[in-house]
Amino acid sequence: MIFAIKEINKRQDFLPNVTLGYRIMDSCDHTATSLKSALILVNGHDETTSNNYSCAGAGRLASPVIIGDAGSARSAAVLRTIGVFSVPLVSYFSSCSCLSDKREFPTFMRTIPSDTFQIKAIVKLVKHFKWNWVGAIGTNTDYARFALQLFAEEASRLNVCLAYTKLYNREFTEENILEVVDVIKRSSAKVILGFVGESELIPILNELKRQNITDIQWITSEAWSTATVLWREYQEMLIGSVGFAIRKAEIPGLKEFLTRLRIQDAYNFPLTAELWEEIFDCTLNGSLNTRPSSSRNPCTGSESLEKVKDTYVDVSQLRVTYNVYKAVYLIAHALHSIGSCVNGNKMCGDLQNVVPWQLLHYMKDVSFTVLEEEVSFDENGDPIASYDLVNWHAGSDGSVQFVKVGHYDASLGNENELVIDDSLIRWHGRQQIPKSVCSESCSPGSRKAPRKGEPNCCFDCIPCADGEISNQTDSINCITCAVEEWPNESKDKCLPKNVEFLSYHDVMGITLTVVSIFGACVTAAIAGVFLVFRNTPIVRANNMELSFLLLLFLALCFLCALAFIGEPTNGSCMTRHTVFGISFALCISCILGKTVVVLIAFRATLPGSNVMKWFGPIQQRASVFVCTAVQIVICIIWLTTSPPYTVQNTRYQSGKIILECAVGSVFGFWCVLGYIGFLACMCFVMAFLARKLPDNFNEAKFITFSMLIFFAVWITFIPAYVSTPGKYTVAVEVFAILASAFGLLLCIFAPKCYIILLKPEKNTKKHLMDRGKQNTK
């Protein structure tokens, strides 16, 4: 402050013919002393004590303006006391947001940003490093209480949770300290915001060090973000700390001014005397600050500040100092504005008799440039917020290095106000960014489920249910896939469902295709045998024409199974059921015709019977096609009213679309099956009645057995068809078709082929006639 005043007084272009003076009072970091000192400054009391120093120049201002205090609580106390005098108070280090209340503190201004901005910057810092579980400690003062309240509000807005907020008294009782450390130790939060002064943090650090709790990532407030004094004792605990510091500057000429002090200055200025004795570890005899000390030698007078290394002469971190510098220039520019005021303006003041409220008016409106920085103030008397983001590094010589790794500038807008260079940051005890979360992030494919009674940062990760996905980290809800889609294995993407049907590429589809073609080939082979041996008695005796028709229609039954394999379409669905119904109607009609022929042929051998002329070959063929025509009519009605169609079935397997044929009209479907069953029942009844006829005419017992197999297959088919899911429903239907076709083929034609090919001696008219005579006796 003295340096800035002397610098201004030397200037000819600034406040000409005005010499600024000053009076320094030591508040001793004590509220009562601060109040006493402020009142002395306001009422102009000239009595000085050992802790005060005055240098009032000629033309000293009648109404003072106060620079100070450093602490927010002390500044608030002073303002409440001297507020009635409207004396401006400019603080260089009181950052509490509570002081921005102009109704309570109308005369307050400051050159340090309000904690409102620092808290916004800290929360953005926490959010940037994805720390959503943070502890906070502070002293039970306005400075910490208001700041931590703001931090809780701003953190909640950005989904950052406070693991704990612990305030402790400045008396530093052992119980108090242990209580704070116990909270830190029990919490899972590894990042702690310390909103305290450096002296107030030392008892906590001592206890943490004693209990060997060193795995903490500290976020510093501006009060101790460049506290060099903490480094020597707590280096292992504080290395890697990050926090916002007041913007620093290089003040030309300041170091030379500081090191120019000599021992004579110490005898006259009590603050300098204390400094001199501490730096050089000696005693000043007869100084204003003399205290008895048996361990110190007397100062010799040859001591020089130019040769020492001490924080006093270190001008590399001029932060609070720079704020004091700006505070002096703020007042000087306000006075300059008063002196430059045009006569006639009602607000113009007199530099020889400055009224406090007039000075405050000009101070609020002033804006100026100092050391290339634009300085201005808002309606609350707060400067535009600007901070350096510093990271505590260990230098090569073991000293602390406050490395600037970013900055915060409130004038740049919400999106650009915080800039961080992650590559410059060295973290506490590790290379990677430390983690401090209540719960690990939920990966895509799961959702967050809040824990009852805990902050929203504490949650469990629940996998998405079947048919749902989440494609973002920490999703609150899962998204349901569309009907035609299904989640992938990790449930972070909806994929088209696999379409499933009985395909020619499936093992089952290939097997059924081979069996179907094999059945048709066997049928064709039997037809060939019958064709080659068509003139033999056994072929001619068993209604050769109906036998060939039956073989043709059995081949069609085998081949119709192929219509059930492959991707279903509306056309194939109608074709497969129609061909199936008509093919089996033809087969059963032929068998029914053969059974009727056996019965009529036996009766035709009786004397006087001419029944065969009413059921000759033409009538036999006609009966087959008449019986089949009924099935054709049923199919036509079915197809024209409510035909089968393709459906996408997702009931059985949610992750697949099963393409299948719906029967359309259930009544029509069961009419087709029912008619086939009706024909089969007629065959069975007639064959059963003809089972005791002579062997040479007797196909009846083989037809009876084939019908029993037919019934067994289709009766078994019904429950299997209803209960089998997916493409296996179609496989069951195809199996029933093939099994019943093989049953008819083998039961009716296998015995005949056996005689034709392996027992040709029995395939003679004589043999058949002899057997017939034996059976009729």
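Predicted model: local features only at pLDDT ≥ 70, side-chain atom pairs only at ≥ 80, totals over all residues.
Colleague: How are the axes of helix H12 and helix H13 placed to each other: roughly parallel or roughly perpendicular?

Modeller: The axes of helix H12 (residues 320-339) and helix H13 (residues 356-365) come within 8 Å and cross at roughly 110°. Leu330 and Ala334 of H12 are among the residues making the contact, as are Leu359 and Tyr362 of H13. Angles of 65 to 115 degrees count as roughly perpendicular. The two helices, H12 and H13, are therefore roughly perpendicular.

Colleague: Which residue forms a salt bridge with Glu278?

Modeller: Glu278 lies in helix H11 (residues 270-280) and is tied to a loop between strand S11 (282-283) and strand S12 (297-298), so the pair joins parts 18 residues apart in sequence. Glu278 itself is partly exposed, at 47% relative accessible area. The closest N and O atoms are 3.3 Å apart, and the partner of Glu278 is Arg296.

Colleague: What is the N to O distance in the salt bridge of Arg296 and Asp281?

Modeller: Arg296 is in the loop between S11 and S12, while Asp281 is in the loop between H11 and S11, 15 residues apart. Asp281 is partly exposed, with 48% relative accessible area. The side chains of Arg296 and Asp281 meet at 3.1 Å.

How values were computed:
Residues numbered from 1 in each chain as written. Heavy atoms only, no water. Axes fitted to C-alpha atoms, helices over the stretch in contact; angles between N-to-C directions. Helix = DSSP H or I, 4+ residues; strand = E, 2+ residues; numbered from the N terminus. Parallel < 35°, antiparallel > 145°, perpendicular 65-115°, else oblique. Contact = heavy atoms within 4.5 Å. Salt bridge = Lys/Arg side-chain N within 4 Å of Asp/Glu carboxyl O. Buried < 20%, exposed > 50% of the residue type's maximum accessible area, 1.4 Å probe, protein only.
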